[in-house]
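Have a look at the model, then go through the notes below.

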Amino acid sequence: MTDSKVVPAFETPAVRGAGAARRERLGHVLQHHGALIVLVALVAAGSVAFDFFATAENAASVVVSSSFLAVIALGMTFVIISGGIDLSVGSLFVLGGVLAAYGSQAGVLVALLLPLAVCGTVGLVQGLIIARTGMAPFIVTLAGLLGVRGLMLAISDEGATTYLVKDPAFARLGQGELLGLTYPVYIAAALALLGMLLLQRTGFGQNVFAIGGNEHAATLMGVPVARTKVLVYLMSGLLAGLAGALNAARLSSGVTILGIGLELDVIAAVVIGGTLLTGGAGGVTGTVAGVLLLGVIQSLINQIGDLTSSFQQVVSGGFLALVVIAQRLLSKAQRLN
């Protein structure tokens, strides 16, 4: 009589398959909602540790200060999902503010349209170069960063001239409040909602995902790769210029020393929000959570008092490193499954 080997129930293929499915779902949740989970945990911890942290005043301060970064990060989300990168957004942010303050002498329309036209043109040119020549986005947008900063210095006499906002209607756009929040917060929220719809509910959004996932396969499927790339860099330039214009309206001047290293904060917020640096995966909700997470970290550092604001860079860098490592491990685990 031959002995038959009994396979324990927990080792059956069905059980192993169910376990793999659970791990995949967990990986999906961590990938797309990890930043939100950490954000909720930090807010809860900060509310317990500091009396002022949980107040409406502090919450409004975090949201208002994060709104400008959120506008830029929205455009960067599309760029990174498509498999690219845009290092010029910090310089475009500053240039947009300077041009908006300068244009405000001619009224609110010029103050808004001038930075949008110039910054949008820069994004368009960068997109055309990347799409038509196949050059690396890192190199093209690094050149854009340097060129745009040089243009801003030329307009402002090497930073010696600070243009003031002359039009009261334009100033109200950045300083006016509704329900305790300034108008840029509502503009950022509306753009985020529009971005979600564009990314998830339109053919353009699906094209962005397809290009980031596998550009060669997307080309074979008939996806307009070049046109889509041009559009995402155009969008990134426009949103960086708009954020700069709104910030100039808030400060009533086109400050020339802002924006240095801002592109790194934007990239960090997008990646911490779950968008893969390699492209093909991500979302606007994660980016918003990443932006707010950076804002909450800065608020907590301010509450502690003994730490300088530069410590935020250390914490943000640590978060970014952990997120990239986690993304790598999750991607590897999903391939094995």
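Val125, Ile129, Met135, Phe138, Ile139, Leu142 and Leu146 make a nonpolar surface patch of about 600 Å². This is a predicted model, where local features need pLDDT of at least 70, side-chain atom pairs count only at pLDDT 80 or more, and totals for chains, interfaces and linings use all residues. Residues are numbered from 1 along each chain as its sequence is written, and side-chain values use heavy atoms, with hydrogens and water left out.

**The nonpolar patch**
- Patch members have over 30% relative accessible area and no salt bridge, with nonpolar side chains joined within 5 Å; areas are Shrake-Rupley with a 1.4 Å probe.
- Two or more residues each come from α4 (108-133) and α5 (137-155), helices being DSSP runs of H or I with at least four residues.
- α5 gives the largest share, four residues.
- Leu146 sits in α5 and is exposed at 58% relative accessible area (exposed means over 50%, buried under 20%).

**Asp86**
- You'll find Asp86 in the loop between α2 (56-81) and α3 (89-103).
- Asp86 is buried but has no salt bridge (a Lys or Arg side-chain nitrogen within 4 Å of an Asp or Glu carboxyl oxygen).
- The nearest side chain of opposite charge is Arg149, 12 Å away.
- Leaving out residues up to four places away in sequence, Asp86 touches (heavy atoms within 4.5 Å) Met76, Val79, Gln126, Thr141, Tyr233, Ser236 and Glu263.

How values were computed
Buried < 20%, exposed > 50% of the residue type's maximum accessible area, 1.4 Å probe, protein only. Lys, Arg positive; Asp, Glu negative; His and termini not counted. Patch = residues over 30% accessible without salt bridge, like charges linked within 9 Å, V, L, I, M, F, W, Y side chains within 5 Å.
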